[in-house]
Amino acid sequence: MKIVYLDNAATTKMSDKVINEMTKSFSENYGNPSSVHALGQRAKSAVEKTRHIVSQNLEVETTEIVFTSGGAEGNNLAIRGFLKANEDKGKHIVTSKIEHSTILKDFEQLEKEGYEVSYIGTDENGIVNIEELKQELREDTAIVSIMFVNNETGVIQPIKEIGEILAEKNIFFHTDAVQAMGKIKILPKKLKIGALTGTAHKFYGPKGAGFVFVDKKYSIEKEIWGGSQERNRRAGTENVHGILGLGVALEEVYENLKEIEEKEGKLQNYLETKLKSEIGKLGKKIKINGEKANRIKTTTNVYIEGADIQMLLVALDLRGICVSGGSACMSGSLESSHVLKAMGLTDEELKGSFRISIGKDTTIEEIDYFVENLVEIV
């Protein structure tokens, strides 16, 4: 059966270059990077090379990069690590209603642990309400965590403006940049970001390898205790091959970012234009959720009148087409999208909305196959 993969926001396929370099690494870099002998130092060198690649692309210092197992651990380390190391900052924390579950679940738990949480809303296009954020800031606000790009709609948040507001008040700013890394050039220090989370499998690298940037002017306490790896910020033997793959993937996408952006922009425009045209011919209402906002070129969240995503996704899957109802981490849930709810969609619109996410290897022919089959199913 023909497979058309349009769920790149959930995860991307590893690039051939990443696969080749990791395959070599399995037989060459098998030493423990904490060992002092030659094989151990070879493995350590692979880890440090990636640290250099990440820091170079973010224009930060190598000492400000901590390797993790991915986005969930990274978000927890940045948020909890800062709160534990800076208990004198206060017990009030702020996030938005459209964050990934790794942020929202963590903040829910922090509420149980005695923190007071303010949840900021969005406008109808899924952009965080800046005025509401300003009103919620207090003397005892310790941290604000707002995602860089929303994982369901692809909407880019006003990170620069938020960073400037928080810098004036000396409030720690964390951003979950999992959906932004590899798609947008991000310079956290210029954006006044205190900590930033990324993970390799969103930009054609392996699963199980991620990183956190933490500005050197801030201290964090480790969440995993044991050895003194990662400058005593994250215990445990480093995932050498995964970290190496992360570096190869990040370098590859940023070296070709302009070309990839241009291709994906044309594909997204073609996809959305064709969707509106073909579904419109059926007499059905169609809407791109967050269309008027600034979005990344890979993610399209669409509502189709009369569609039921539970049935639609299964029907598409039976034809070899992979799309998503929203966040991959919540795909087992029958609950409506909290992101689209925050944007004010009706129950009917929530029921009939789903996510299509293209990648650098998506083709026009695949989009044609998807739309043709979608029209038949609708």
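Predicted model: local features only at pLDDT ≥ 70, side-chain atom pairs only at ≥ 80, totals over all residues.
Close-up 1. Now look at β8 (residues 210-214), which runs antiparallel to β7 and is joined to β7 by five bridges.

Close-up 2. How many of the five residues of β7 (residues 195-199) are buried? Five of the five are, so the strand is largely enclosed by the rest of the structure. You can check this face by face: A195, T197 and T199 lie on one side, L196 and G198 on the other, and all of them are buried. In other words, both faces of β7 are covered.

**Close-up 3. Helix α1 against helix α8.** Two packed helices are described by the angle between their axes and the distance between the axes. For α1 (residues 16-28) and α8 (residues 240-255), the angle is about 155 degrees and the axes are 9 Å apart. The cut-off for calling a pair roughly antiparallel is over 145 degrees, and α1 and α8 are therefore roughly antiparallel to each other. Their crossing is right-handed. On the α1 side, the contact is made by K17, V18, E21, M22, S25 and F26. Facing them from α8 are H241, G242, L244, G245, V248, A249 and E252. Sorted by class, this α1 and α8 contact comes out as six nonpolar, four polar and three charged residues.

**Close-up 4. Helix α2 against helix α8.** From α2, the residues involved are A43, A46, V47, T50, I53, V54 and N57. They meet V240, I243, L244, L246, G247, L250, E251 and Y254 in α8. What is the class make-up of the contact of α2 with α8? Its residues divide into eleven nonpolar, three polar and one charged. Keep an eye on L244 in this view: L244 is listed in the contact with α1 and in the contact with α2.

**Close-up 5. The open sheet β9-β10-β12.** Three strands make up this open sheet, in the order β9-β10-β12, and their pairing is antiparallel. Which strands stand at the edges? They are β9 (286-288) and β12 (353-357), each with a single partner strand, so one side of each is left without a neighbour in the sheet. On average, neighbouring strands of this sheet are turned by 25 degrees against each other, direction ignored. Zoom in on β10 (residues 299-304) and you'll find five bridges joining β10 to β12, with the two running antiparallel. As a landmark, T299 stands opposite S357 in β12.

Close-up 6. I130 belongs to helix α5 (residues 130-136). Is I130 buried or exposed? With a relative accessibility of 11%, I130 counts as buried, the cut-off being under 20%. Leaving aside residues up to four places away in sequence, I130 touches P158, E161, I162 and I165. G320 is another story: 190 residues separate I130 and G320 along the chain, and their C-alpha atoms are 41 Å apart.

Conventions: Residues numbered from 1 in each chain as written. Heavy atoms only, no water. Buried < 20%, exposed > 50% of the residue type's maximum accessible area, 1.4 Å probe, protein only. Helix = DSSP H or I, 4+ residues; strand = E, 2+ residues; numbered from the N terminus. Pairing = 2+ DSSP bridges. Contact = heavy atoms within 4.5 Å. Axes fitted to C-alpha atoms, helices over the stretch in contact; angles between N-to-C directions. Parallel < 35°, antiparallel > 145°, perpendicular 65-115°, else oblique. Left-handed = near helix turned anticlockwise from the far one by under 90°. Nonpolar A, V, L, I, M, F, W, Y, C, P; charged D, E, K, R; others polar.
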